[in-house]
Amino acid sequence: MSQKEKINLQRLPKHIAIIMDGNGRWAQEKGEDRLFGHLNGVESVRDIVEGAAELGVQYLTLYAFSTENWDRPAYEVTGLMELLVETIRKEVPTLNKNNISLHVIGDTSMLPPAAQQELSEAINETSANTGLHLIMALSYSSRWEINNAVKNIAADVRDNKLQPENITQETVQQYLCTKYFPDPELMIRTSGEYRISNFLLYQLAYSELYFTNTLWPDFRKENLYEAIIDYQGRERRFGKTSEQLKTTIKTDIF
Ligand code: IPE
Ligand code: IPE
Ligand code: MG
């Protein structure tokens, strides 16, 4: 039985989020420049997007560039931005062919104008697609997102559009960049780092976390299948006891 066949398609995570990490180390291991790692990371993006779409995953969020990554050496930032523009331009026909819509979360006003332009065109050109929602986290950080949400909530209270006593968790959710997307059930981080690095702090509240030593440019569909199988072997209790869950399942069946 192949790894893919071991996946229970009835219990597929609707939303998978990935911190694509390890491009620099992958390149350095080969005696190459960090940008070579990023270039090869694009191959993994292609493979994983295709793999997720084939399985029927509905949302895939990829952390591609954090707010903190702006502090990297200028040549790396410029190289990454050029790679981004070029990749988006090249990939739009494939996204359309595979019925995938593109979305972006993050402070895109920080991106170079050419990248902003390419992105908004790609988002428009893929907006009618009804398959996988591919969400790129670009110039994204959770604290930036939450800060932004708080500012907007405060402004709406000031303008009398919102009453403080009516603010619920659903209201807060509506002020996040992810307001149109469900929370990820599964979050994967590559490269052996065990941290969240300012990614979806609010949305990951009850996500299952999966860490692998594989560096992002080596990550392929098989690795994605492994992560999903691992996820499917877990018991998600949401604060309840295991016994309670079993009772619920029995009630569901009978
Ligand atoms: C992830 O790989 C890609 C980005 C953060 C843009 P890194 O560039 O962080 O690679 P390592 O962690 O240095 O190996
Ligand atoms: C997290 O990776 C951001 C992305 C993958 C885009 P980093 O490599 O920037 O994270 P830290 O700095 O090691 O935590
Ligand atoms: Mg890194």
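Is E118 buried or exposed, and why does E118 count as that?

Modeller: Please keep in mind that the model is predicted. E118 counts as buried because its relative accessibility is 13%, and the cut-off for buried is under 20%. The residue is part of helix α4, which covers residues 113-126. If neighbours within four places in sequence are left aside, E118 is in contact with V85, I88 and R89.

A second residue to look at is L84, which is found in helix α3, residues 74-97. L84 is also buried, because its relative accessible area is 13%. Not counting residues up to four places away in sequence, L84 touches A115 and L138. Sequence and space can be set side by side for L84 and A114: the two are 30 residues apart in sequence, and their C-alpha atoms are 9.9 Å apart.

The elements that give two or more residues to the shell around ligand 1 are α1 (23-29), α2 (34-55) and α3. Of these, α1 gives the most, with 3 residues. There are 13 residues around ligand 1, and D21, G24, R25, R34 and R72 come nearest. From R72 it is a polar side-chain atom that lies 2.7 Å from an oxygen atom of ligand 1. On its own, ligand 1 has 380 Å² of accessible area, and the protein covers 88% of this. Ligand 1 sits in the largest pocket.

The residues surrounding ligand 2 include Y63, A64, F65, S66, R189, R195 and S197. Strand β2 (residues 59-66) gives the most to this shell, with 4 residues. For N69, a polar side-chain atom lies 2.9 Å from an oxygen atom of the ligand. For D21, the distance from a polar side-chain atom to an oxygen atom of ligand 2 is 3.2 Å. For R72, an N or O atom in the side chain is 3.3 Å from an oxygen atom of ligand 2. Taken alone, ligand 2 exposes 390 Å², of which the protein buries 78%.

Conventions:
Residues numbered from 1 in each chain as written. Chains lettered and ligands numbered in written order. Predicted model: local features only at pLDDT ≥ 70, side-chain atom pairs only at ≥ 80, totals over all residues. Heavy atoms only, no water. Buried < 20%, exposed > 50% of the residue type's maximum accessible area, 1.4 Å probe, protein only. Contact = heavy atoms within 4.5 Å. Near = heavy atom within 4 Å. Polar contact = N/O pair within 3.5 Å; in protein donor to acceptor, adjacent residues only side chain to side chain. Areas by Shrake-Rupley, 256 points an atom, 1.4 Å probe, with all protein chains shown as cover. 1 Å grid on protein atoms, 1.4 Å probe; cavity = no way out; pocket = protein on both sides within 12 Å on 5 of 7 lines; lining within 4 Å. Sits in = over half its atoms within 2 Å of the grid points.
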